Amino acid sequence: MKERRKFAKHLLILCAVMITALGIPSVTKADETNYQAALSTNRAEGKVTYTVKGLVLGQEDETNPTPDPDAGTQNDTNAEPEKKNIIKLVVTSVSTKKTVIQKEIQLTPENCIEGSYTGSFSLNDVNYAYDTYSVSFVIGDKTISAGNADLTIHTNKISMTIKGENSSASRTMSLVSKEGAGGVLIPGSGNQISIMAWPASANENTAKIIGAKTNITGNNGLAWATDVRQAGVLYGNWNAKLVLTNTANARINVKLAQASYAVSPAITTFVTKKTTALEKKKSFGISVQGLKNVYGVNKLSFRIYNSKGSKVTTVTGQRKNTSGSQFEATVTMKKLKNKLDTYTIKAVITDNNGNTKILDKTATADQRAKAGSLSITKKAKKAACTYKLTNAYLPGNIKKVEFVLYKVKGKKQKKQDTFTVKSTAGKKKISATASNLGIGTYLIKAYGYTAWNKRVFLNQEKYKLKKKDMGKNGWFYEKYNGKKYKLYYKDNKVQTDVTKLLKLKKSSASNINNFYIEVNRAAGTVTIFMKNEETGKYDLPVKTCTVSVGRDISTNAGTGALTLDSSYTPLGNYSICTNGQSVKYTMKPMLEPDGSTVYARWATHIVGNVYFHAIAVGSQSHYALSSSTYNRLGTPASAGCIRMTVADAKWIYDYASTGSRVKIMKGNAKKPGPMGKNAVIKTNGVSYDPTDPAVPDSRKKADYKAKRISGYMKKNGTRVGY
């Protein structure tokens, strides 16, 4: 038995020697330390070539070596045959750590030349999974690394740009490459790039192709002239992406880069305008120019909002050219409900698809009142002030300006007067001059009236008047109509009644007032003079009255008396009670030319049927006077007598003594007398004389406040409003 084992051992050694002599290869463990592996990557072709060196082919045998019979171990007839001359290729994804290729390679003298084996794999072998791959070989119990193969897409060197205006449908979309010379952005062949776009508010899976597939090789960039309308008809932000596909593998769909673009209308000019013509129409204009829109412009409207953000109205723009780049509209203040405010205007496009879009740019229309500046110029010599309003403005132009004067005492303001000035379109300066009313603090307020007659406060100024600002005060001799008269001034204004100043007493048996009374028939005035002790002449005017004389300017009845057929106030020199008898009546019945009887208060006889008296009424009542009759005071209106207010008629009745001279002259309407002509009170719907002391002050005050009378005289003689 022992001999048989020795024989087998020697036979096995002999066979090995014979196999070696015949050149049958086998990988020997003694050469493991000489293995070398390397690879090269052809990115353009998407191919990796690898080489393993240091290989030594050894004996191939389908059975395990025969054990040494002397070893004392029994041969295992069930053992697997040992594989020889085989190396294993292992390709692993660097990113996923998964093995994608695991392949045993049988070495033969044909493929393993001089101990070197060369092979390859491509993108197709890794199912076009773009990645970096680790390549290694397993030889026996050793693993030899060949290195990493870059089959990635160089996305870090790819970017996307989009150029073009938001209002334009045409955009230039580009793949921009930063790959160096000789480099390859995307490995392999058959690569194609397209562009897809979708609304930023939607899912990416709604994207549509707007840039056709284009082949890409090497390191080149690409550009597409695209029409963004292909993606849809929405306004706002959009996303676009570069998409990689491949002709060799239909499943490839890789997003390489992404960029955003916007779709919105644009304008170069959006303004409001005011012209003289528009102001006359109480309106302003809106103008849009350089309008462009991706989806075209079918129409344009303007929404107008007030300062609180509420929409007031909408007006339609008028197309001014065929391209639709210019629109205009006119907005009247009536559409804005005549509200003075600052308005914001938004332009709304209706495009050719029927969709609407509000433009980002807005316009503003300032339809507020502009206060301007209010100045006060004191004129000491004239004891007056000029109020000047400069650069004030109301939409539609200022129709008129009211300067309202108040006297200020502490926190109280008391209205003194109102001065109204009509304005003209576009007038920058509006002024009024008024006499000073006395020393003190005053406030002037300026109000403007709109073209639709709304009163609007504009500006105000406070000022003080001192003694030096009041002009003339006291007695002055002044020439009037060729003669000198002694006149009394208060704050530069001639006083038209100096009765109290002269301390005159009423006429009586113990007090005779010899006056000279001059009737200026043309002017409708009566001036009462008294003798001046300084000159000995009747050159001291005491009082002036505004009157109505007879309606007729001529007569055939003679100047000494009136007849039923004549309403003529006779010219001539007369006296109070020319017949020498003191004839005065507190109530005088009088016969009118038509035969009717009227009643006149405070009648003082002159001559014939001619009297000074208050306006006659049809009954013996203080409330029987019509407004129309009273408002004729100052113009020829009587039946020949000299009509006066109740207060003036009573003054003559009280103060003019019998014998006082009365001269009725034709006169001159432009020269009413040295004291001038007093303004008359106007009434509206009241049945009394506002100077009548018999009418309660409370009633007069109420009617004055209600603007039924323009002024009145209190029972104590104080004038209000005139």
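Predicted model: local features only at pLDDT ≥ 70, side-chain atom pairs only at ≥ 80, totals over all residues.

In soluble globular proteins, nonpolar side chains tend to be buried together. Here the largest nonpolar core has 57 residues, and those with the most contacts inside it are Leu175, Ile193, Leu242 and Tyr261. Strand S15, which covers residues 249-263, gives the most to this core, with 6 residues. Apart from this core lies another, of 33 residues, among them Val519, Ile528, Met530 and Cys577. Returning to Ile193, and leaving aside residues up to four places away in sequence, its contacts include Leu175, Ile186, Trp224, Leu242 and Leu256, and also among them are Lys213 and Thr214.

An open sheet of 5 strands is arranged in the order S36-S35-S34-S42-S37, and its pairing is mixed. Strand S36 (537-546) and strand S37 (572-575) stand at the edges, and each has a single partner strand, so one side of each is left without a neighbour in the sheet. On average, and with direction ignored, neighbouring strands of this sheet are turned by 25° against each other. Strand S37 is joined by 4 bridges to strand S42, and the two run antiparallel; Ser575 has Arg661 in S42 as its bridge partner.

| Strand | Residues |
|---|---|
| S35 | 525-532 |
| S36 | 537-546 |
| S37 | 572-575 |
| S42 | 661-665 |

Within strand S35 lies Asn532. Asn532 has a relative accessibility of 3%, and because buried means under 20%, Asn532 counts as buried. The side chain of Asn532 makes a polar contact with the side chain of Asp539, at 3.1 Å. When residues up to four places away in sequence are not counted, Asn532 touches Tyr477, Lys486, Lys537, Asp539 and Leu540.

Helix H5 (residues 646-655) packs on the sheet, where it touches strands S35 and S36, and the direction of H5 makes about 145° with that of S36. How much of helix H5 is buried, and which residues are they? The helix is mostly covered, since 8 of the 10 residues of H5 are buried, and these are Val646, Ala647, Asp648, Ala649, Trp651, Ile652, Asp654 and Tyr655.

Technical notes:
Residues numbered from 1 in each chain as written. Heavy atoms only, no water. Core = buried A, V, L, I, M, F, W, Y, C linked by side-chain atoms within 4.5 Å. Buried < 20%, exposed > 50% of the residue type's maximum accessible area, 1.4 Å probe, protein only. Contact = heavy atoms within 4.5 Å. Pairing = 2+ DSSP bridges. Axes fitted to C-alpha atoms, helices over the stretch in contact; angles between N-to-C directions. Polar contact = N/O pair within 3.5 Å; in protein donor to acceptor, adjacent residues only side chain to side chain.
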